[in-house]
Structures are given as C-alpha cells and as structure tokens.
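Please consult the sequence and the three-dimensional view below alongside the text.

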Amino acid sequence: MEILKGKVVLITGGSRGIGAGMVRKMAEQGANVAFTYRSSSAKSEDLIEELKPMGVEIKAYQSDASNYEEAESLVKKVIEDFGTVNVLVNNAGITRDNLMLRMSEEQWDEVMQNNLKSVFNLTKQVLRPMMRNREGSIINISSVVGVMGNAGQANYAASKAGMIGFTKSIAKELGSRNIRCNAIAPGFIETEMTDELGNKDQYLANIPLKRFGTVDEIADATVFLASDMSGYITGQVISICGGMNS
Ligand code: NAP
C-alpha cells in the first residue's frame, strides 16, 4: 500500500543526508516530491535519476531556505509545477560549533538564519495552499540537542529548541484548519554532519541502544507524520535518539 499516494511533499535540504533519505521513502510511498538544495546540484540530479523507476514526480530546486524572497518564489514555482503542497518538511540545517567564549556573532547568526528563520520562511508560504486544501502536515526536523542542550553547540541547540516552540505554536494556531505541525528530534544519525564529530565513543556511551541511528529510521517517522495515519497527532516532539534523552 502506498500511504502517501497523491500527496505533494516539499522537503528542504533533500540533496543528501537525512533529507535525501526522506525523498526516497516519500517517493516509495507514492508521494510526488519537490526538494531543495543549496549547492549540491549533481547529487540532486543523481537522486532524481535513481528514483525515476518509482514513477512519481520528483523535482529539485536550488533555493536558500534562509532567504525569505527565495522561499516565496520557491513555493510559487512548486505550486505551478505540482498544483499544491500537502506536506512541508523543514529539514535544511547547518552546524557552526564552538564554545561560547569563542563563538563569533557570525556563527550565531548563520545558524539562526539557516535553522530557524528558514522554518518561518517556508511555513509562511505553505499555509495558504494548505488552508485551501483544508489539510496539511508540517514536520520540523529539530534535534535531541534542542531538548537537552550540548556544550559547544549553544547556537545550534537554541535554533533547534526554537523550532520546538514554533511547532507547538503553529499546532495551536492552525489545528482548527486541520493543519498539523510536529517536530522530530533525532539523536546522532550517521550522515556527513556527524562524520565531522570527534570522540564518537564518548557519545555512544550515553546512548542506551549503543549505536548511532540511520537516515532511514528518521525518514520512516517522517513518512508516518506526513500520512493520514498520524491524523490525530499535532504539536508533538518525537525523539528518535536511541533512548539518549531517557
Ligand atoms: P547534511 O548531511 O549536512 O545535509 C544538509 C542538507 O541541508 C543538504 O541537502 C544541504 O544542501 C541542505 N541545506 C543546508 N542549508 C540549506 C539552506 N539554507 N537552504 C537549502 N538547503 C540547505 O545534514 P543532515 O545530517 O542530513 O541533517 C538534516 C537535518 O537534521 C538538519 O536540520 C540537522 O540539524 C538535523 N539533525 C541531524 C542530526 C544528525 O545526526 N545528522 C541529528 C539531529 C538533527 P547542500 O547539499 O546543497 O549543501
């Protein structure tokens, strides 16, 4: 059964990592998928080529999620190409880690713009089509670090905690329009973002399941939140972190 058949899903940052996993899983479940990237055009083309046999519509757009005007023209273009947007996944994100004493204003601002302002930019643009459809699902990819904090990541943790407050507010504000908004808080997932991490053994010691998570484990939860199977779930934060926050 294809649980997303007929739905149009827009994913920011779908060229690699967790976002690319979501593009694959959403397409497998019958969704038509629009995804964005900032610079990885070759990877985006490869992903589209790989998924051609699925027989769904998949398109990539170069669009900087941190830029309000670009988000506005992106959603216009996606609606021209696909007709509507039923599901938005705010996935694009970056890290600029540093201890607070050394963190520059630029590192703070860059993370806030890319991780939090981007969520405002995209969410604002999809509300009208979702209200017209009388349904919608918005999924924000936060982090366990936004729930627990992490030394050396004050900027990243603050942006991810901000996403949680935003998620709960949108759920309250738009629930009466049948627009749901949930967050996923992944723990350490094997991607290029975590490849950069030093002292991995130290992190593993604090994970009850004693391993990092996989991209597919996050993508599966996103498919569920995108689908009508989660129709009575809104304003929630789903932690997928191997029990790290328990
Ligand atoms: P990743 O491998 O670094 O991929 C990031 C993706 O976001 C890429 O497709 C990148 O595009 C895109 N991107 C970044 N900034 C963008 C912008 N301003 N506009 C448009 N696209 C942008 O990251 P990941 O590990 O898959 O992480 C995905 C999300 O999960 C992030 O929000 C991250 O904070 C969150 N997360 C990750 C982990 C983890 O362990 N990996 C844990 C918790 C939360 P380009 O390829 O063009 O650069």
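The shell around the ligand comprises 11 nonpolar, 16 polar and 4 charged residues. The structure is a predicted model.

**The ligand and its surroundings**

- There are 31 residues around the ligand, and those that come nearest are Ser-15, Arg-16, Ser-39, Ser-40 and Tyr-156.
- The space that the ligand takes up is the largest pocket.
- Three helices, α1 (17-28), α6 (154-174) and α7 (192-195), each contribute at least two residues to the shell around the ligand.

- For Ile-18, a backbone N or O atom lies 2.7 Å from an oxygen atom of the ligand.
- For Asn-91, a polar backbone atom is 2.7 Å from an oxygen atom of the ligand.
- For Ser-63, a backbone N or O atom lies 3.5 Å from a nitrogen atom of the ligand.
- The ligand on its own has 900 Å² of accessible area, of which the protein covers 96%.

**Buried asparagines in helices**

- Asn-121 belongs to helix α4, which spans residues 105-133.
- Asn-121 has a relative accessible area of 0% and is therefore buried, the cut-off being under 20%.
- The side chain of Asn-121 reaches the backbone oxygen of Ala-65 at 2.9 Å.
- Asn-155 belongs to helix α6, one of the helices that supply at least two residues of the ligand shell.
- Asn-155 is classed as buried because its relative accessible area is 0%.
- The side chain of Asn-155 reaches the backbone oxygen of Arg-96, and the distance is 2.9 Å.

**A buried asparagine in a strand**

- Asn-182 is located in strand β6, which covers residues 179-186.
- With a relative accessible area of 0%, Asn-182 is buried.
- Asn-182 and Phe-166 are 16 residues apart along the chain, and their C-alpha atoms are separated by 9.6 Å.

**Residues with positive phi in loops**

- Arg-134 is not a glycine, yet it has a positive phi of about 55 degrees.
- The loop that holds Arg-134 lies between α4 and β5 (136-141).
- Arg-134 has a relative accessibility of 66% and so counts as exposed, for which the cut-off is over 50%.
- Asn-178 likewise is not a glycine, and it has a positive phi of about 65 degrees.
- The loop that holds Asn-178 lies between α6 and β6.
- Asn-178 counts as partly exposed because its relative accessibility is 40%.

**Two residues in the loop between β4 and α4**

- Arg-102 is placed in the loop between β4 (87-90) and α4.
- The relative accessible area of Arg-102 is 59%, so this residue is exposed.
- The C-alpha atoms of Arg-102 and Lys-5 are separated by 49 Å, and the two residues are 97 residues apart along the chain.
- Met-103 also lies in the loop between β4 and α4.
- Met-103 is buried, with a relative accessible area of 13%, whereas Arg-102 is exposed.
- Met-103 and Ala-154 are 51 residues apart along the chain, with 8.9 Å between their C-alpha atoms.

**A lysine in the loop between α2 and β3**

- Lys-52 is situated in the loop between α2 (41-51) and β3 (58-62).
- Lys-52 has a relative accessible area of 52% and is therefore exposed, since the cut-off is over 50%.
- From C-alpha to C-alpha, Lys-52 and Met-193 are 27 Å apart in space, and in sequence they are 141 residues apart.

Technical notes
Residues are numbered from 1 along each chain as its sequence is written. This is a predicted model: local features need pLDDT of at least 70, side-chain atom pairs count only at pLDDT 80 or more; totals for chains, interfaces and linings use all residues. Side-chain values use heavy atoms; hydrogens and water are left out. A residue is near a molecule or strand if one of its heavy atoms lies within 4 Å of it. A polar contact is a pair of N or O atoms within 3.5 Å; within protein, one must be able to donate a hydrogen and the other to accept it, and residues adjacent in sequence count only if both atoms are side-chain atoms. Accessible areas come from the Shrake-Rupley method with a 1.4 Å probe; for residues, only the protein chains shown count as cover. On a 1 Å grid over the protein atoms alone, a cavity is a set of points where a 1.4 Å probe fits but cannot get out, and a pocket is an open set with protein on both sides within 12 Å along at least five of seven lines; lining residues have an atom within 4 Å of a point. A molecule sits in a cavity or pocket if more than half of its atoms lie within 2 Å of its grid points. Helices (H or I, at least four residues) and strands (E, at least two) are DSSP runs, numbered from the N terminus. Ala, Val, Leu, Ile, Met, Phe, Trp, Tyr, Cys and Pro count as nonpolar, Asp, Glu, Lys and Arg as charged, and the others, Gly among them, as polar. Buried means under 20% relative accessible area, exposed over 50%, partly exposed in between (1.4 Å probe, protein chains only).
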